[in-house]
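Hi everyone, thanks for coming. Please have a look at the slide while I talk, and stop me whenever you like.

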Amino acid sequence: MAVLRARKTNNEVDQPSSPVLRFGSDKPLKLDAGTLLSPFQIAYQTYGTLNDARSNAILVCHALTGDQHVASTNPVTGKPGWWEVLIGPGKIIDTNRFFVICSNVIGGCLGSTGPASTNPATDKPYGLDLPIITIRDMVRAQQMLIDHFGIEKLFCVLGGSMGGMQVLEWASSYPERVFSALPIATGARHSSQNIAFHEVGRQAVMADPDWHGGKYFEHGKRPEKGLAVARMAAHITYLSEAALHRKFGRNLQDREALTFGFDADFQIESYLRHQGMTFVDRFDANSYLYMTRSMDYFDLAADHGGRLADAFAGTKTRFCLVSFTSDWLFPTEESRSIVHALNAAGASVSFVEIETDRGHDAFLLDEPELFAAINGFIGSAARARGLSA
Amino acid sequence: MSVNRDQRVDLEVVANLIPPQSRVLDVGSGDGSLLELLQDTKQVDGRGLELSQRGVNECVARGLSVIQGDADKDLEFYPDKGFDFVVLSQTLQATRNPKLVLDELLRIGNRAIVSFPNFGHWRVRLSLFIQGRMPVTKDLPYSWYDTPNIHFCTIRDFVNLCDELGATVEKATALDAAGQKIGLSMPWWFWNFFGQQAVFLLKR
């Protein structure tokens, strides 16, 4: 069974069902690790139509375990796109009006080159032979995709969490190509606590004997237990104490009394186990290591002499930042420090903190105030960009 | 929000001081009325700073460029002379350190526009003099114990503060209860007595 599932993910890895752009040896991807990745490929999805002026393109950047299937059925899970509440025909980000692009990040496992991809040098999966990928590497690759579409300036780049980091990197590295930027529930660097949580997850994966030093495919195995534990731990950080208590309290799972054993007596245990189990069906363990590492390495201020404002010096991009009151992974203070840096850089910036008990994951949910803010920001940016309604 | 919104007769007076296409920072932008007015009529590049999260969210939903922040704490992050005008309308009296805030306004903006309720108005004086009680009026609807307005001043007090900070008063206007301008050639004591609100254009 494990082998079967492993193969299934692998099929999306090298030959994804979504469109894929392949770059040969003439167009290598320059990595922050100091090496070149070549050949490499980017799997992506698009929705809507690019207008003649090529001015209506919105790039959506996905989070840690997201993918390019932002507004259409996920080929692995069969579930709706991960941001279909926001993006689609007639939705807040209206695909009748905008051309929406979303690509799987480099290092991912849904069709863009990542550790599960076949290394052409060995004809085996890269595993840990893939160099460490940074947020900037992901954005550099996305930029090559945008070039392919002949888009000079994106109307908007948006994303939450790790996606928000990519948004900030886009605005900093390619300010002239970003008309507006919408980083949600994110930070300009990963905090020590966040690195700590990621390290717990990585150690769980690597402690699984089925991990085999990253060469599990060659052994016909996958470190499912380790990855599930990593996901369970991470999932707690995406919620809040209040939301957990509201949803689960100390309720028991399908039983009247405690069993005096280590079964999932409590609903929250059962819920987390389910989250862990469904995750390993869709995600590659090595990719999880690479994704978490990319976030840990992200520190936009450090890339600019320690002064975050210098990352945005002279920017003309219009920014809107959003944070959530109960998000303890990327608390409001993280967004506020970006806002202060943007103020110091003289940038146009809006900043909304949304009251909710749903924690970090609130950005993926139906949050009316979030939608109102995005709607207002996109609307006024579209007017400034001269895009008709 | 520190004063009754329906009473914001000062908005138009403030707007008239700002030429088209200016870069404007509205400190204490409330529900965004002034920013919207300026954007619609003067095509300004407008930004807002507002304490109340609800006010901010409403502004952003309406397409205005506003951030949540505190005039007492967050002005230091703005660069010198980053704006043509920094507006502080009906907010000075609600700040913790009005002197520092005014100093920051003069640093950030080429010009500062400050409007505030005049505590020297005859009704206020009368309330104190006759009733011996802190005034509660249409314009200042709060009781002393729940008011956000912790630093009231009179027009004369404000002029003194401007002197202390080395700010030049380029224009000043006093408004009566109906929001009408009080005669331009009147002396300070007259304004200080009959002006319900004052609007100052400052430069340093």
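**Two chains, one walk-through**

Let's begin with chain B, whose secondary structure comes to eight helices and seven strands; here helices (H or I, at least four residues) and strands (E, at least two) are DSSP runs, numbered from the N terminus. Chain B has a radius of gyration of 16 Å, close to the 17 Å that the globule rule gives for 204 residues, so it is as compact as a globular protein of that length. That radius is taken over C-alpha atoms, and the rule is 2.2 Å times the number of residues to the power 0.38.

Before I go on, a word on the source: this is a predicted model, where local features need pLDDT of at least 70 and side-chain atom pairs count only at pLDDT 80 or more, while totals for chains, interfaces and linings use all residues. Residues are numbered from 1 along each chain as its sequence is written, chains are lettered from A and ligands numbered from 1 in the order in which they are written, and side-chain values use heavy atoms, leaving out hydrogens and water.

Back to chain B. Its C-alpha trace spans about 45 × 35 × 30 Å along the principal axes. Of its 204 residues, 54% are buried; buried means under 20% relative accessible area, exposed over 50%, and partly exposed in between, with a 1.4 Å probe and protein chains only. Among contacts (heavy atoms within 4.5 Å) with a separation of 6 or more, 68% in chain B are between residues 24 or more positions apart.

B:Q90 has a positive phi of about 55 degrees although it is not a glycine. Is B:Q90 buried or exposed? It is buried, with a relative accessible area of 2%.

Now for chain A, with 10 helices and 14 strands. Its radius of gyration is 21 Å, close to the 21 Å from the globule rule for 389 residues, so chain A is as compact as a globular protein of that length. The C-alpha trace spans about 65 × 50 × 45 Å along its principal axes, and 59% of the 389 residues count as buried. For contacts between residues at least 6 apart in sequence, 71% in chain A join residues at least 24 apart.

α2(A) is mostly covered, with 11 of its 14 residues buried, including A:D137 and A:R140. Just after α2(A), A:G150 takes a positive phi of about 70 degrees.

How many of the 12 residues of α3(A) are buried? The count is 11, so α3(A) is largely enclosed by the rest of the structure. Among them are A:E169 and A:W170.

Finally, two loop residues. A:P39 sits between β3 (36–37) and β4 (40–47) of chain A, and the peptide bond from A:S38 to A:P39 is cis, with omega near -10 degrees. A:F260 lies in the loop between α6 (241–247) and α7 (267–282) of chain A. Phi of A:F260 is near 55 degrees, a positive value in a residue other than glycine, and A:F260 is exposed, with a relative accessible area of 80%.
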